[in-house]
Amino acid sequence: MTTSAPAAEYGYEAAAPFYDLFERKNNLDFFGEYAALGAEALDIGAGTGRLAIPLAQRGLRLTCVEPCAPMRAEFERKLLADPDAAARITLVDGDAASFSLERAFPVALMAGVFEHLLTPEARLAALTNIARHLEPGGLLVFDIFLAALADEPLTPAGRVSRDGREYRRYLATRQLGPSLGETLLRYEVYQDGQRLQRVEQRQRVALTSLEEIENLLAQAGLAVRLTFRDYQFTPYMPGDSLLVVDAVRVR
Ligand SMILES: C[S@@+](CC[C@H](N)C(=O)[O-])C[C@H]1O[C@@H](n2cnc3c(N)ncnc32)[C@H](O)[C@@H]1O
């Protein structure tokens, strides 16, 4: 009898079909400005193609890395409906710490991913591998939440109507320790007042600091160039809960 290791969990296995319905981050133009700096951008943890597909529709070329098969399935389903965007996108299975493309890019984007790298070792492995995929002087742009999670029970967190169905999302959060938090997402699907489906997804999220990030970037051969508190290029101030980092490959 052969046994195989269980597939790694990335926290989006059950949530993937609902991701686009509820994700409302207004960061397409921000990441788009960076993606447009070079001939092609690398998008790490590209998810369902929420950023990559509209950027390809603007004429940009992207190579997308995504380890979670259900997220890639959503991405591929959307590409089938948009052959022009699909022609500008290469989508590959891969983890930030271990993907290997045998080529380097002028720009790498990583949106909504860094908090899923749960230990300093995991964060360093990812940054080192990403740096290896950047041209000298190439840029890595990524975002991260730096605030601890409040202890909150399951609370309504969005309602969307689509094709005669209503989709409801609930969110619970708690901090498990000084550097680890957990979110619980529940999705429910209703039609004609009847609940058709309920899905729950737990996600672990890391709590880190700008100081640690600067340190890890330096070890990976990257240096912070700019930091922002939002997606409008407003400079980051200590205490802000969102940190967006623009880092350059220096060796
Ligand atoms: C919040 S979603 C962001 C998706 C997309 N970047 C966006 O902005 O819509 C986080 C994504 O990171 C992926 N992810 C989690 N851990 C990862 C890792 N170690 N390496 C690469 N991607 C990872 C998840 O599978 C998921 O698709």
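Me: What is the bridge partner of Asp43 in strand 2?
Reply: Asp43 has Cys64 as its bridge partner in strand 2. Keep in mind that this is a predicted model.

Me: What makes strand 1 and strand 2 a pair, and in which sense do they run?
Reply: Two bridges are enough to call strands paired. Strand 1 and strand 2 have 4 bridges, in the parallel sense, so they count as a pair.

Me: Which residues of strand 1 point one way and which the other?
Reply: Ala41 and Asp43 go one way, Leu42 and Ile44 the other. What's handy is that all of them are buried. To be called buried, a residue needs 20 or more other C-beta atoms within 10 Å of its own, so each of these four passes that mark.

Me: Which residues of helix 2 are buried?
Reply: Helix 2 covers residues 28-35, and its buried residues are Phe30, Phe31 and Ala35.

Me: Why say that the buried residues of helix 2 line one face?
Reply: Look down the axis of helix 2: the buried residues sit within an arc of 135 degrees, so they line one face of the helix.

Me: What covers the buried residues of helix 2?
Reply: The cover includes strand 1 (41-44), strand 2 (62-65) and helix 3 (52-57). Strand 4 (105-110) and strand 5 (134-145) are part of it as well.

Me: How do you know that strand 5 and strand 11 pair?
Reply: Count the bridges: 7 join strand 5 to strand 11 (residues 242-249), and the two run antiparallel.

Me: Which domains does the assignment give?
Reply: Domain 1 is 16-146 + 208-249, and domain 2 is 152-206. Their centres, over C-alpha atoms, are 24 Å apart.

Me: What makes domain 1 and domain 2 touch?
Reply: Contact means C-beta atoms within 7 Å. On that basis 8 residues of domain 1 are in contact with 11 of domain 2. The domain 1 side of that has 5 nonpolar, 2 polar and 1 charged.

Methods: Residues are numbered from 1 along each chain as its sequence is written. This is a predicted model: local features need pLDDT of at least 70, side-chain atom pairs count only at pLDDT 80 or more; totals for chains, interfaces and linings use all residues. Domain bounds come from an automatic or database domain assignment. Two residues are in contact if their C-beta atoms, placed from the backbone, lie within 7 Å. Ala, Val, Leu, Ile, Met, Phe, Trp, Tyr, Cys and Pro count as nonpolar, Asp, Glu, Lys and Arg as charged, and the others, Gly among them, as polar. A residue is buried if 20 or more other C-beta atoms lie within 10 Å of its own, exposed if 12 or fewer, and partly exposed in between; C-beta atoms are placed from the backbone. The arc is that of the directions from the helix axis to the C-beta atoms.
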